[in-house]
Amino acid sequence: MTIKENIELAGLTSLRVGGPARYFTSVKNERDARLALSWAKKQGVPYFVLGGGTNVVMSDNGYHGLVITTNNSGIEFTEDDCGTIMKVMAGTPLQDVVDASLEQGLAGLEWAAGVPGQVGGAVRGNAGAFGGETRNVIESVDAVMPNGKVQSFSNADCHFAYRSSIFKEESGSIILSVVFRFMPGNKAALTQKAEELRAWRRERHPLDYPNCGSVFKRIGVENIRIGLWNRYPDMKQAVRDNQVATAYFIDKCDLKNFNIGGAEVSGKHPNFIINRTGNARAEHIVMVASHMRTRVREKFGIILEEEPEFVF
């Protein structure tokens with residue numbers, strides 16, 4: 001394990017914003033993770049697990065402690081009486097796992113086709129789309145805890161919730177590996193579905209610009225006042241899995257292409273903020289997000305909750 005100093009973080013995030021990390025390291029295994037945590041403790045500095053750098057907004061001022069990235073990857077298949085098990089190292093790109101499951105004709109992750117990031121981040125944020133969620137195929141997770149000990153979590157232990165888990169709510173652990181359990185499926189049908197979803201994302205998501213994915217979480221239908229359903233009858237078309245797409249509310253506020261500095265509400269998908277110029281600052285992202293939240297609250301009385309983590 002090597003500790004580096006003053007490493008620029010913008011290039012390590014999908015949004016391409018953020019200042020330098022005072023200290024930086026990349027961990028490949030359990031030993032590295034333990035050493036990194038021990039080093040931070042001895043130095044008396046905070047640490048932050050950046051992972052693959054998606055779904056996060058780093059401050060323009062950087063991070064004054066130790067930033068840790070995971071650089072371990074690998075996939076192993078085994079079989080038992082209940083089906084196929086896939087053990088994946090946390091730094092493995094999620095798309096590698098999707099492709100591996102499809103190649104084996106295994107069902108459960110096809111919804112993730114086209115979703116960026118690493119496996120560890122997908123578990124931490126319980127990534128999901130189109131009715132699927134990471135937690136639905138998780139058997140167990142191994143993580144190095146802040147005390148340096150490795151702990152195994154069953155699916156129930158992970159306390160998965162909408163875009164959350166114990167690893168997000170109680171920060172400080174470093175996910176090492178994840179065990180997925182899949183069910184047999186039709187390889188051709190699964191592959192076709194995955195390709196359809198990839199095409200859907202290419203058409204509707206602003207993939208040509210740096211972004212951190214959806215900025216705000218979806219709104220549960222139970223949180224929508226009855227009067228709003230009457231006033232906006234087309235809102236029903238934005239409902240999926242008992243949640244209303246946040247893009248609906250942002251679009252109704254006429255916020256597409258609203259911009260501050262180099263940050264802009266995507267005209268393609270208004271729940272995305274893009275770094276249009278490539279030179280946007282984190283403060284621009286924050287100001288645009290704040291404006292979106294204010295406008296939606298004023299127009300609909302709905303409080304939006306950010307999906308990415310803002311590290312300031």
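I start with a term: helices here are DSSP runs of H or I, at least four residues long, numbered from the N terminus. I note too that the model is predicted.

I find E195 and R198 both in helix α5, 3 residues apart, about one turn of the helix. Their side chains meet in a salt bridge at 2.9 Å, N to O. E195 is partly exposed at 39% relative accessibility. R198 counts as buried, at 15%.

Entry two, the neighbour of α5. I looked up helix α2 (residues 94-103) against α5 (residues 187-204): the axes come within 9 Å and cross at roughly 150 degrees. The two helices are therefore roughly antiparallel. On the α2 side I list Q95, V98, D99, L102 and E103; they meet K187, L190, T191, A194 and R198 of α5. These contact residues divide into 4 nonpolar, 2 polar and 4 charged.

K187 and E103 form a salt bridge, 3.2 Å from N to O. K187 sits in α5 and E103 in α2, so the pair ties together parts 84 residues apart in sequence. K187 is partly exposed at 38%, while E103 is exposed at 51%.

I see 3 strands in an open sheet, ordered β17-β18-β19, with antiparallel pairing. The edge strands are β17 and β19. Helix α8 (residues 282-300) lies across these strands, at about 25 degrees to β18.

Last entry, the tally. My search of the whole structure gives 19 salt bridges.

Definitions and conventions
Residues are numbered from 1 along each chain as its sequence is written. This is a predicted model: local features need pLDDT of at least 70, side-chain atom pairs count only at pLDDT 80 or more; totals for chains, interfaces and linings use all residues. Side-chain values use heavy atoms; hydrogens and water are left out. Axes are lines fitted to C-alpha atoms, for helices over the stretch in contact, and angles run from 0 to 180 degrees between N-to-C directions. Angles under 35 degrees count as roughly parallel, over 145 as roughly antiparallel, 65 to 115 as roughly perpendicular and the rest as oblique. Contact means heavy atoms within 4.5 Å. Ala, Val, Leu, Ile, Met, Phe, Trp, Tyr, Cys and Pro count as nonpolar, Asp, Glu, Lys and Arg as charged, and the others, Gly among them, as polar. Two strands pair if DSSP finds at least two bridges between them. A salt bridge is a side-chain nitrogen of Lys or Arg within 4 Å of a carboxyl oxygen of Asp or Glu. Buried means under 20% relative accessible area, exposed over 50%, partly exposed in between (1.4 Å probe, protein chains only).
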